[in-house]
Amino acid sequence: MEYLFLLFLFVDAVMAYRFMYKDGSMKQKLLTSAPFVIAGIYLSIFGSPLHKTYAWLIVAGLVLSFIGDWVLRFDLFGMKGLPGIVAFAAAHILYISAFAVRMPLTVKELPLLFPWGIMLIMEIIAKKKMKIDLGATAPAVLVYAMIIDAMVVLGIRAAILTMNGGMSVLRSLVLIAGVIMFIISDAGVCLMMFDGREEIKTRKKTYRLNSFNVVTYYGGQMLIAASVLV
């Protein structure tokens, strides 16, 4: 089953390359998104996931992400990209639901509010320091940030609690990498959409922001899709 997933991953990588350097059309973007949806569905049906409800909640989130890829280009009520923000927020809520189903939450998890709050504060500080103007979309972005931060924290929690040694450790690390890559990609989307940035500069190199975003986003989604076998 892992070999078939690697095939899906390879196809997605080829599609992502074409999207970055050959064809940046919406059609190619959706073709690039299709493999993570197909991989999630295939693994949920034929991969003997340990928790079917978890698997199908993840698949539903992947489908909403696919829709978000399409509708992110539209504006609504004067808010840039609002339909896409709503679609991705709904996808993250489904991911959160999946993590909660797999490892039920209790009052003992209240301390997780601290890393969640720290992430949110750091994002607000970064926005102000970088002078990013979100305009009328600011409230929607704030709510979205609260949701995706919760998704990351609960995803890492679920991954850690499902580690039982052997392959389960590798699969848990896959989920951790997936949720972290997703939020990193969203940071890139924010910079491109609201700050007009096209590049990321380090001390030695300059990277295309679009390429960075494509790699982290599609890589993250493929890894989240693989987590149905956790």
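The legends below describe close-up views of one predicted model.

Residue numbers start at 1 along each chain as its sequence is written, and side-chain values use heavy atoms, with hydrogens and water left out. Because the model is predicted, local features need pLDDT of at least 70 and side-chain atom pairs count only at pLDDT 80 or more, while totals for chains, interfaces and linings use all residues.

**View 1. The largest pocket and its lining.**
About 1300 Å³ of space lies in this pocket. Its lining counts 48 residues. Nearest the centre are Asp 186, Ala 187, Gly 188, Val 189 and Cys 190. Six helices each supply at least two lining residues: α2 (26-46), α4 (82-102), α5 (113-129), α6 (138-161), α7 (167-195) and α8 (209-226). Helices here are DSSP runs of H or I with at least four residues, numbered from the N terminus. The largest share, twelve residues, comes from α7. By class, the lining holds 34 nonpolar, six polar and eight charged residues. Nonpolar covers Ala, Val, Leu, Ile, Met, Phe, Trp, Tyr, Cys and Pro; charged covers Asp, Glu, Lys and Arg; the others, Gly among them, are polar. The search runs on a 1 Å grid over the protein atoms alone; a pocket is an open set of points with protein on both sides within 12 Å along at least five of seven lines, whereas a cavity is a set where a 1.4 Å probe fits but cannot get out. A lining residue has an atom within 4 Å of a point. Points are joined across faces, edges and corners, and the volume is the space filled by probe spheres set on them.

**View 2. Helix α3, residues 52-71.**
This helix has 20 residues. From first C-alpha to last, α3 reaches 29 Å, close to the 28 Å expected at 1.5 Å a residue. The expected span is 1.5 Å times one less than the number of residues. Its buried residues are Tyr 54, Ala 55, Leu 57, Ile 58, Val 59, Gly 61, Leu 62, Ser 65, Gly 68, Asp 69 and Val 71. Buried means under 20% relative accessible area, exposed over 50%, and partly exposed in between, with a 1.4 Å probe and protein chains only.

**View 3. Helices α4 and α8.**
α4 has 21 residues and reaches 30 Å between its end C-alpha atoms, close to the expected 30 Å. Among its buried residues are Phe 88, His 92, Tyr 95 and Phe 99. For α8, the 18 residues should span 26 Å, and the end C-alpha atoms are 26 Å apart, which agrees. α8 is mostly covered, with 15 of its 18 residues buried.

**View 4. Aromatic rings.**
The whole structure holds eleven aromatic pairs. One of them joins Trp 70 and Phe 74, edge-to-face, at 5.9 Å centre to centre and 90° between the planes. Rings of Phe, Tyr and Trp (its six-membered ring) pair if their centres lie within 6.5 Å; planes under 30 degrees apart count as stacked, over 60 as edge-to-face and the rest as tilted. Trp 70 is partly exposed, at 39% relative accessible area. Phe 74 is partly exposed too, at 35%. Elsewhere, Phe 36, Phe 88, Phe 182, Tyr 217 and Tyr 218 form one aromatic cluster.

**View 5. The salt bridge between Arg 157 and Glu 109.**
A search of the whole structure finds one salt bridge. Its pair links distant parts of the chain, 48 residues apart: Arg 157 sits in helix α6, Glu 109 in the loop between α4 and α5. The closest N and O atoms are 3.5 Å apart. The criterion is a side-chain nitrogen of Lys or Arg within 4 Å of a carboxyl oxygen of Asp or Glu. Arg 157 counts as buried, at 9% relative accessibility.

**View 6. Positive phi at Phe 77 and Lys 131.**
Most residues other than glycine have a negative phi. Phe 77 is not a glycine, yet its phi is positive, about 55°. Phe 77 lies in the loop between α3 and α4. It counts as exposed, at 70% relative accessibility. Lys 131 also has a positive phi of about 55° without being a glycine. Its place is the loop between α5 and α6. Lys 131 counts as exposed at 70% relative accessibility.
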